[in-house]
Amino acid sequence: MGEKDCLMNRRKWCRMMLPILFTFHFSFLISSCEEAQEHTAAAIYDRDSVSMMVSYGVNTLISDSGVIKYKIVTERWDVNVIKQPSRWTFEKGVFFEQFDQNFHVEAYVQADTAWYFDQMKLWHLRGRVRIRNSNGLIYQSEELFWDGLKHELYSNVFSKVTTPERTLQGTYFRSDEQMRHYTVSNSKGSFMAEDMTGENKNQESTPADTAQQQVEPILRPQAQKHAKTSQ
């Protein structure tokens, strides 16, 4: 076989192998691209932090048995049923009004921040907490818990209670939901003379709300348990 025949055979071999090599190289590129697509980035947000509902600029009326009884105003309302315990969060503050049957305002509640743990029926109000009831009582504190199961309010921080007759200040506060019967421990304040003697002389002169003074507060275990609830 001459040199010319060898050269022709090489050219034929190259023409045969070129498509095979091209196909192998193209298949390798495709498989490399497919492998790159398998590396998916993790989710940006943890599922535990995602709220079921986020509402802005809320100003709504709430009815009970067909009668409008409450009004709620807040800049932001988050509802998260995934976190444990599940909760409503009012990071931008909250304002409540309660109405009577004639749609007159009976009471209001406001706070800079609030959490409502729906399963526990527990409100946690924090930051410039203000409450006014139908009797004109005004409550002021930096933190307050409202237990819907026990129908009571309590606070373990400095609180101030002002009524038309007296002013009380103390480091522990406990009351019923209507704030008609309350206790202020480690308290100081001003009293009228009949507040100190009227109850002993004439039972009928006892005011609708009552206040007690104690040297050392007795903190309820339930109250301390709620106070440690993490946000």
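Author: A residue is buried under 20% relative accessible area, exposed over 50% and partly exposed in between, using a 1.4 Å probe and protein chains only. This is a predicted model, where local features need pLDDT of at least 70, side-chain atom pairs need 80 or more, and totals for chains, interfaces and linings use all residues. Numbering starts from 1 along each chain as its sequence is written, and side-chain values use heavy atoms, without hydrogens or water.

The count comes to 4 salt bridges (a Lys or Arg side-chain nitrogen within 4 Å of an Asp or Glu carboxyl oxygen). Let's take Asp78 and Arg76: their closest N and O atoms sit 2.8 Å apart. Asp78 is buried, at 7% relative accessibility, while Arg76 is partly exposed at 25%.

Next up, Asp112 pairs with Arg128, with 2.9 Å between the closest N and O atoms. This pair links distant parts of the chain, 16 residues apart: Asp112 is in the loop between S5 and strand S6 (113-117), and Arg128 is in strand S7 (strands are DSSP E runs of at least two residues, numbered from the N terminus). Asp112 is partly exposed, with a relative accessible area of 30%.

Then there's Glu143 with Arg126, where the closest N and O atoms are 3.4 Å apart. Glu143 counts as buried, at 14% relative accessibility, but Arg126 is partly exposed at 35%.

How values were computed:
Helices (H or I, at least four residues) and strands (E, at least two) are DSSP runs, numbered from the N terminus.
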